[in-house]
Amino acid sequence: MERTRTLMFDEHGHGDPLLLVHGFPLNREMWAGQVPALAPGRRLIMPDLRGFGATPPAAEPAALTLDAMAAEVRDLLDVLSIQRAVICGLSMGGYVALAFARRFPERVQVLILADTSARPDTGERRASRTEQIELAERAGTAALIPLLVPLLLAPRTAAEVPALERLYAGMVVGTSVAGLVGGLIAIRDRADSRPFLAAMTMPSLVIVGEQDAITPPELSEEIAAGMPNATLVTLPGAGHMANVDAPDRFNAAVLDFLRNLSTDVSH
Ligand code: MLT
């Protein structure tokens, strides 16, 4: 297979496909705590988005968009001959999942949006992304570590498991400048997804860490309220990386939701 033309990915298990889309500035390895719980009975597919992990950056990072990232996820499903999947994205992965659900609703069996937002960046946030782009280009990706990594985890997890922040710092250093810049541009220039929420009628689960410092709970509440068929789960004590801060409760929320859906369908 010509792997460089599609996204690189990891795959575990067999069964109904569940695609896990990572956040910024990370890669598919952020889902390590989900694999043992979610893979049994399911086909877990974890891509590296364009420019992250093992997927090379875009030829023109300045032109990268969330819609293009969503189209690459669709291309990956095509390559794997998967017509419909559960699409789960966290933060930037959630922005991609929202773009995917808007563009390819027929490919979404269930939408799971974790610690994300339907809103576009504010003017202030856009300006800080531009500063981060300039900093990465001037000083390299490591210069972004103090700006990005400390906000990811709940303070308690960061204190109890310091290796996690080192792991994420390693992911930032392992990402090329072109990869990080492309991601920052795509996030900075993302469209407002709020007008499309009402048309997203697929069963949806919205999960948020109560202490999410990047995309706070009210943004997830807004998504769940705007979608016709959404359930909101708030995880006390968890931060932005709710799947890492509270892996057992995150996994249980996903599994319960999917099991309840299949029970509903079979009755
Ligand atoms: C992420 O976790 O993907 C990013 O923090 C999202 C963002 O900065 O908007």
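**Ligand shell and helix packing in a predicted model**

Me: At what angle do H4 and helix H8 pack, and which orientation does that give them?
Reply: In this predicted model, H4 and helix H8, residues 177-188, have their axes 10 Å apart and pack at an angle of about 170 degrees. Angles over 145 degrees count as roughly antiparallel. H4 is therefore, relative to H8, roughly antiparallel.

Me: How do the residues of the contact of H4 with H8 divide into nonpolar, polar and charged?
Reply: On the side of H4 the contact is made by Arg126, Arg129, Thr130, Gln132, Ile133, Ala136 and Glu137, and on the side of H8 by Val177, Val181, Leu184, Ile185, Ile187 and Arg188. The residues of this contact of H4 with H8 divide into 7 nonpolar, 2 polar and 4 charged.

Me: Which elements give two or more residues to the shell around the ligand?
Reply: The residues around the ligand are Gly23, Phe24, Ser91, Met92, Tyr95, Arg125, Arg129, Ile187, Ile214 and His240, and they divide into 5 nonpolar, 3 polar and 2 charged. A polar side-chain atom of histidine 240 lies 2.7 Å from an oxygen atom of the ligand, and the protein covers 95% of the 270 Å² of accessible area that the ligand has on its own. The elements that give two or more residues to this shell are helix H3 (92-103) and helix H4 (123-139).

Me: Which residue has a backbone N or O atom 2.8 Å from an oxygen atom of the ligand?
Reply: For serine 91, a polar side-chain atom lies 2.8 Å from an oxygen atom of the ligand. A backbone N or O atom is also found 2.8 Å from a ligand oxygen atom, and the residue that supplies this backbone atom is methionine 92.

Me: What is the value of phi at serine 91, and where does the residue lie?
Reply: Most residues other than glycine have a negative phi. Serine 91 has a positive value, with phi near 55 degrees, and its place is in the loop between strand E4 (85-90) and H3.

Me: Which residues does a cis peptide bond join?
Reply: Most peptide bonds are trans. In the loop between strand E2 (16-21) and helix H1 (35-38) lies proline 25. With omega about 0 degrees, a cis peptide bond joins phenylalanine 24 and proline 25.

Me: What is the orientation of H2 relative to H3?
Reply: Helix H2, residues 66-79, packs with H3 at an angle of about 75 degrees, and their axes are 8 Å apart. Because angles of 65 to 115 degrees count as roughly perpendicular, the orientation of H2 relative to H3 is roughly perpendicular.

Conventions
Residues numbered from 1 in each chain as written. Predicted model: local features only at pLDDT ≥ 70, side-chain atom pairs only at ≥ 80, totals over all residues. Heavy atoms only, no water. Near = heavy atom within 4 Å. Polar contact = N/O pair within 3.5 Å; in protein donor to acceptor, adjacent residues only side chain to side chain. Areas by Shrake-Rupley, 256 points an atom, 1.4 Å probe, with all protein chains shown as cover. Helix = DSSP H or I, 4+ residues; strand = E, 2+ residues; numbered from the N terminus. Nonpolar A, V, L, I, M, F, W, Y, C, P; charged D, E, K, R; others polar. Axes fitted to C-alpha atoms, helices over the stretch in contact; angles between N-to-C directions. Parallel < 35°, antiparallel > 145°, perpendicular 65-115°, else oblique. Contact = heavy atoms within 4.5 Å.
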